Amino acid sequence: MSIWRRISDFITSTAIDAFSSIIEAVRTTFEGDPETRRRVAFSIAMIALSAKMAKADGVVTQAEVNAFHEIFHVPPQYQEQVTSLYNLAKQDVAGYEAYATQLSGLCGTGKPNCKMLEDILDGLFHIAKADGALHDKELVFLGTVAEIFQLDEEQFDRILARHVGVGQTDPYRVLGLSHGVSFEEARKQYRALVRENHPDVLIARGVPEEFIAIANQRIAAINAAWDRVEKDLKAYERV
């Protein structure tokens, strides 16, 4: 069943008074179905935190809305429910820190550097940069969410490098490599990142199929960085 059908049915059957009640309802409604709960929780997290982030710099641009829909391929029959959920999160008086804390408990493993939470942060970066720049308040928002998600500085730095300064970013940062690394070590890390971020792997850890655009964009950034690192290291070896 489509994740949007699941969410639509869930919203229709849930008494909505605040977004926090939605988050708690996800926990209880899908308690006996952890796979569906992970997929629904991921989607709810993206909707809620996207809505909160849209207000971070005080201006919601059309580019940010378009970026939202690049990740959220919502069928027309479910647009109304998703929009109402987005607006509820945007208007709720609760701060994004409270949402991030609650949602990390639903989506995460409870351990630091949870890959599923990294997937959520990656999607938020995609939306934040859509207007051509990462604003200071958006960066503070993203950094705070990363801290709440218990993502370490290296993970945050890798995600930041993938999204900022396209064409100028240090490809070693994108791959999480230090300068001076050997060719074999670099290739091993590159291959590990490709395996780790394959769409099938994301789906296995709970990312809905509808969000696999995140994986495709990530793989493209990793491959582009490797092309540059590979040329650099091979040229160094010839010297």
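User: Leaving aside neighbours within four places in sequence, which residues is Ile120 in contact with?

Analyst: Contact means heavy atoms within 4.5 Å. Ile120 touches Phe42, Ala45, Met46, Leu49, Cys107 and Phe149 in that sense. The model is predicted: local features need pLDDT of at least 70, side-chain atom pairs count only at pLDDT 80 or more, and totals for chains, interfaces and linings use all residues. Residues are numbered from 1 along each chain as its sequence is written, and side-chain values use heavy atoms, without hydrogens and water.

User: Which residues have the most contacts inside the largest nonpolar core?

Analyst: A nonpolar core is a set of buried (under 20% relative accessible area, 1.4 Å probe, protein chains only) Ala, Val, Leu, Ile, Met, Phe, Trp, Tyr and Cys residues joined through side-chain atoms within 4.5 Å. Here the largest has 64 residues, and Trp4, Leu49 and Ile120 have the most contacts inside it. Another core lies apart, with 15 residues, among them Leu175 and Trp226.

User: How many aromatic pairs does the search find?

Analyst: A pair is described by the distance of the centres and the angle of the planes. Rings of Phe, Tyr and Trp (its six-membered ring) pair if their centres lie within 6.5 Å; planes under 30 degrees apart are stacked, over 60 edge-to-face, the rest tilted. The search finds five pairs. Phe10 and Phe30 form a tilted one, 5.6 Å centre to centre with 45° between the planes. Both Phe10 and Phe30 are buried. Ring pairs also link Phe183, Tyr190 and Trp226 into a cluster.

Technical notes: Buried means under 20% relative accessible area, exposed over 50%, partly exposed in between (1.4 Å probe, protein chains only).
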